[in-house]
Amino acid sequence: MTVYLEDESGYDFDFSVRGQLDKLIRSVAEYIQCPYELEVSVSIVTKDMIHEMNRQFREADRPTDVLSFPMMEYDRPADFEGEAFSRSMAVSPDTEELVLGDIVLCAEVIHEQAQEYGHSELREFSFLTVHSMLHLFGYDHIDEGEREEMEKEQRAIMEQLKIYR
């Protein structure tokens, strides 16, 4: 597994960001039984940076907590046998790993939401990374059924990691 990390936030979390990302990404991949070694890029950015990205890519003129940019398409979430996955599958020539996609986390929003929700930055960072990884595996929350399924998977993974509110 290769995790590329770029921290442009200047924010100092009180936990090992690299260690936590490795643990979270590996745990989600194992949970959904991904049959491939993965390559994931993670950027940690400022509120201004994610605001601009949100405006550019989602046409939402506001900052957000996390953005996900999946490389793969799926017929169903985490369906590694489907036609869409087969057509979109990208393998890194450097690592020979499945290029899953990019995660962009906003350090300032993580800090704010942790305070607002009354839990640690570690919990908020972990939840948003798990959430984003599920997006990279084809999960979404556009309609009610998808939202319920994705939330169920998020809860199960967070419980498995023993990371609680």
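The model is predicted, so local features need pLDDT of at least 70 and side-chain atom pairs count only at pLDDT 80 or more, while totals for chains, interfaces and linings use all residues. Residues are numbered from 1 along each chain as its sequence is written, and side-chain values use heavy atoms, with hydrogens and water left out.

Helices (H or I, at least four residues) and strands (E, at least two) are DSSP runs, numbered from the N terminus. Four strands form an open sheet in the order E1-E2-E4-E3, with mixed pairing; two strands pair if DSSP finds at least two bridges between them. Strands E1 (2-7) and E3 (66-70) stand at the edges with a single partner strand each, so one side of each has no neighbour in the sheet. From one strand to the next, the twist averages 15 degrees. E3 and E4 (residues 98-106) run antiparallel and are joined by five bridges; valine 66 has leucine 105 in E4 as its bridge partner.

| Helix | Strands | Angle |
|---|---|---|
| H2 (residues 47-58) | lies across E2, E3 and E4 | about 45 degrees to E3 |
| H4 (residues 107-117) | touches E2 and E4 | about 65 degrees with E4 |

The axes of H1 (residues 17-31) and H5 (residues 121-136) come within 10 Å and cross at roughly 40 degrees. Residues of H1, including Leu21 and Val28, meet residues of H5, among them Phe125 and Met133.

Conventions:
Axes fitted to C-alpha atoms, helices over the stretch in contact; angles between N-to-C directions. Contact = heavy atoms within 4.5 Å.
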